[in-house]
Amino acid sequence: MTDSSEIDPTLIEAGRLLFAGAADFFSAAPSLGSLPPMKGVEVAFAGRSNVGKSSLVNALTGRTTLARTSHTPGRTQQLNFFDIGGRFTLVDMPGYGFAAVEKAKVAAWTELIHAYLRGRANLARVFMLIDSRHGLKAIDTDVLDGLDKAAVSYQIVLTKGDELKKSEVEARIRGTEAAIARRPAAYPDVLLTSSRDSRGIPELRASIARLIAEHGG
C-alpha cells in the first residue's frame with residue numbers, strides 16, 4: 001500500500017492541481033464505431049457494477065454529478081469520456097457482472113470493452129476498481145486475464161475502504177498485492193480509497209499525475 005507519507009509532497013500537489021481545473025463530459029460511445037478520435041493521454045476506470053466507480057470519479061474531480069451515480073447497478077452502458085483540464089481524458093467504462101441485464105446487452109458491452117482495450121493506442125492505464133469488502137472475485141480475475149493478454153497496464157484500486165474495519169485493511173491490501181504479484185500487466189501498488197471520507201483520493205490523484213507526466217501530458 002502507498003500512503004501519503006510515502007509519496008513526494010510535490011507529486012501530491014501535482015495530483016491536486018491536475019484535478020483542480022475544469023472537468024467536462026465530451027463524448028459517449030455505445031459502440032466501437034462511435035468512439036471519439038484518439039488524442040492525448042487516456043486513463044480508464046473499470047469495475048464490477050455497484051463497485052462505486054461513478055462516486056470515485058466524482059470524488060477525484062471534486063464534483064458531485066460529473067459521473068452519474070445510481071442505486072441500480074448496470075446503468076452505465078457505454079464508454080463515457082471526460083476531458084480533465086485539457087491534460088488528459090478520463091474514460092468511465094461500463095460496469096460488468098450485473099446478472100439482471102440481458103445477456104445480449106452484456107455481450108455487446110463486453111465486445112465494446114475488449115475492442116476499446118485492444119485498439120486504443122493512447123490508453124496509458126486502466127484503474128481496476130475492486131470492492132474492498134469482498135476483494136478479488138472470479139469475475140474480476142477474468143477481466144485481469146484479458147488485460148494481461150492484451151498487455152494493457154492496470155492498477156488495482158480498492159473502493160469503499162471506509163467500510164472495512166481497521167484490522168482488515170492491511171490484510172486486504174497485502175492479499176490483493178499477493179494475488180497480482182505474478183500478473184505481467186499489473187502495476188504493483190494497490191491503493192485503498194473511499195469516496196465518502198476521501199481516504200486514498202490524494203494518492204490516486206498523485207498516481208495519475210505521475211502517469212500523465214511519464215507520457216508527456
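Tutor: In this predicted model, a residue is called buried under 20% relative accessible area, exposed over 50%, and partly exposed in between.

Student: Why is Arg174 called partly exposed?

Tutor: Arg174 has 40% relative accessibility, so it counts as partly exposed, since that label covers values between 20% and 50%.

Student: What makes Glu177 count as buried?

Tutor: The relative accessibility of Glu177 is 16%. The limit for buried is under 20%, so Glu177 falls in that class.

Student: How do you know that Glu177 forms a salt bridge with Arg174?

Tutor: The closest N and O atoms of the two are 2.8 Å apart. The cut-off is within 4 Å, so the pair qualifies. Glu177 and Arg174 are 3 residues apart in helix H5, and therefore about one helical turn separates them.

Student: What makes Arg196 and Glu163 a salt bridge?

Tutor: Their side chains meet at 3.9 Å, N to O, and the definition asks for within 4 Å, so this pair also counts. Arg196 is in the loop between E7 and H6, while Glu163 is in the loop between E6 and H5, 33 residues apart.

Student: Why is Arg196 called exposed, and why is Glu163 called partly exposed?

Tutor: Arg196 has 66% relative accessibility and so counts as exposed, the limit being over 50%. Glu163 has a relative accessible area of 35%, so it is partly exposed.

Student: What makes the phi of Asn50 worth noting?

Tutor: Asn50 is not a glycine, yet its phi is positive, about 70°. Most residues other than glycine have a negative phi. Asn50 is found in the loop between strand E2 and helix H2.

Student: Where does pLDDT stay under 50?

Tutor: Residues 1-5 are one such stretch, and over residues 69-75 the pLDDT is also below 50. Where pLDDT is low, the predicted coordinates should not be read in detail.

Terms used:
Residues are numbered from 1 along each chain as its sequence is written. This is a predicted model: local features need pLDDT of at least 70, side-chain atom pairs count only at pLDDT 80 or more; totals for chains, interfaces and linings use all residues. Side-chain values use heavy atoms; hydrogens and water are left out. Helices (H or I, at least four residues) and strands (E, at least two) are DSSP runs, numbered from the N terminus. pLDDT is the predictor's confidence in each residue, from 0 to 100. Contact means heavy atoms within 4.5 Å. Buried means under 20% relative accessible area, exposed over 50%, partly exposed in between (1.4 Å probe, protein chains only).
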